[in-house]
Amino acid sequence: MTNLAVQLEGQQLSSLQTHVHDALASGATHAKGQQHPIKLYLVVWGWLFVLSTCSYLVDYFGLHGHLRWSLILLFMVLKAGLIVAVFMHMAWERLALAYAILLPPVLVLVFVAIMVFESDYTHLLRVIFFASPT
Amino acid sequence: MAETVLTHSGQSPARLEGWRGIAADWASDQRAFKNVSWGKAMMWIFLLSDTFIFSCFLLSYMTARMSTTVPWPNPSEVFALNIGGNHIPLILIAIMTFILISSSGTMAMAVNFGYRRDRVKTAALMLATAAFGATFVGMQAFEWTKLIMEGVRPWGNPWGAAQFGSNFFMITGFHGTHVTIGVIFLIAIARKVLRGDFDVERRGFFTSRKGYYEIVEITGLYWHFVDLVWVFIFAFFYLW
């Protein structure tokens, strides 16, 4: 009986030791964390400035129509991609997290499509029935 | 400590990559996010839900703008400023964008110095980020004041479609609230960093749990998200 108790205690002790070991190991990983050279952040920072300037210039030069919209979307997606991938470190996360976080917002596009149809319909009704004759 | 033990006790150093990795992680009958702590995973999930909130705002804006028969006010003109006698379109918003991007840059570097356990530099960069954020909120307050003085209300404005005001106040107001909360969050964590809480593993006031430098990265996630939302607002509301 005492033997068993000792054995149990020994097991607990060893499990405690593994815990301590894990804790130390986790400390080590914490110290490492997401470590990337500062230069990378500065380069991305620079690119974000360039892209923001470009999207501002789209407005400044008064571009119109499809050119304007496609340029705005292009610069927006590039900026968002840089921020998420590098600043938020998504590029270095495991795919299980990346897809869990990045896929659902893409599905919002379905909602966008639905509302485009809806607002076209509303617009049509307003033009037919409510638009003031000007 | 208990939760971080769980967090990092992944014994198998060789995990699958690619699609097989996704299947293995999600089907492992344990935790799906293998090398991510709960704090970080939950911040990501919170940000995902926040993404949906902002998506709904932008969608309602899109619906209002697409379905109205009244011309939409031209944001390029509405947000123009006279600086030194020159009429510059959208300049205030451009400056706000650059300020927010700069704050993201300093935040990214703060995370880096945090993991190097450089207390002073981390706290200084976080406080710089907070200062940029506060400047942004200040400029937004200026913008709101200017528009309200010019007669923009949630139910109407002098230039066109009545929905412009409600959309503007709702979207930028909610974003500005996020920035304000972010500034408070940054200052609180910067204070802890500076005090050395994460070096001596001092227990938190509310949670009674030990903190780690990872909180700097989690704060950073929130802050970068605020910047990210601004990218979309800038594109869809101000430039479109």
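Trainee: How many helices are there in chain A?

Mentor: The model is a predicted one, so local features need pLDDT of at least 70, side-chain atom pairs count only at pLDDT 80 or more, and totals for chains, interfaces and linings use all residues. Residues are numbered from 1 along each chain as its sequence is written, chains are lettered from A and ligands numbered from 1 in the order in which they are written, and side-chain values use heavy atoms, with hydrogens and water left out. Helices (H or I, at least four residues) and strands (E, at least two) are DSSP runs, numbered from the N terminus. Chain A reads α-α-α-α along its sequence, with 0 strands, and its number of helices is 4.

Trainee: What share of the residues in chain A is buried?

Mentor: A residue is buried under 20% relative accessible area, exposed over 50% and partly exposed in between (1.4 Å probe, protein chains only). Chain A has 134 residues, and the buried ones make up 28%.

Trainee: How many residue pairs are in polar contact across the interface of chain B and chain A, and which helix gives the most to the side of chain B that touches chain A?

Mentor: A polar contact is a pair of N or O atoms within 3.5 Å; within protein, one must be able to donate a hydrogen and the other to accept it, and residues adjacent in sequence count only if both atoms are side-chain atoms. The rule finds 11 residue pairs across the interface, both residues being at pLDDT 80 or more.

Trainee: Which residue of chain A forms a salt bridge with B:D25?

Mentor: A salt bridge is a side-chain nitrogen of Lys or Arg within 4 Å of a carboxyl oxygen of Asp or Glu, and the count between chain B and chain A is 3. At 2.7 Å, N to O, the side chain of B:D25 meets that of A:R94.

Trainee: Where do the partners of the salt bridge between B:E217 and B:K40 lie?

Mentor: The closest N and O atoms of B:E217 and B:K40 are 3.1 Å apart. B:E217 is buried at 2% relative accessible area, and B:K40 is buried at 5%. Because the two residues are 177 residues apart in sequence, their pair ties together separate parts of chain B: B:E217 lies in helix α9 and B:K40 in helix α3.

Trainee: Which residue joins B:K40 and B:E217 in one salt-bridge network?

Mentor: The salt bridge of B:R202 and B:D197 has its closest N and O atoms 4.0 Å apart. B:R202 is partly exposed at 41% relative accessibility, whereas B:D197 is buried at 3%. Through salt bridges that share partners, B:K40 and B:E217 are joined in one network with A:E93.

Trainee: What is the geometry of the aromatic pair of B:F57 and B:F174?

Mentor: Rings of Phe, Tyr and Trp (its six-membered ring) pair if their centres lie within 6.5 Å; planes under 30 degrees apart count as stacked, over 60 as edge-to-face and the rest as tilted. B:F57 in helix α3 and B:F174 in helix α7 (residues 163-195) of chain B are 117 residues apart. B:F57 is buried at 16% relative accessible area, while B:F174 is partly exposed at 28%. With centres 5.0 Å apart and 80° between the planes, the pair is edge-to-face.

Trainee: Which residues of chain A are in contact with B:T68, leaving aside its neighbours within four places in sequence?

Mentor: B:T68 is found in the loop between α3 and α4 (75-78) of chain B and is buried, at 9% relative accessible area. Its side chain reaches the backbone nitrogen of B:V70 at 3.1 Å. Beyond those sequence neighbours, B:T68 is in contact with B:A161 and B:Q163, and in chain A with A:H123 and A:R126.

Conventions:
Contact means heavy atoms within 4.5 Å.
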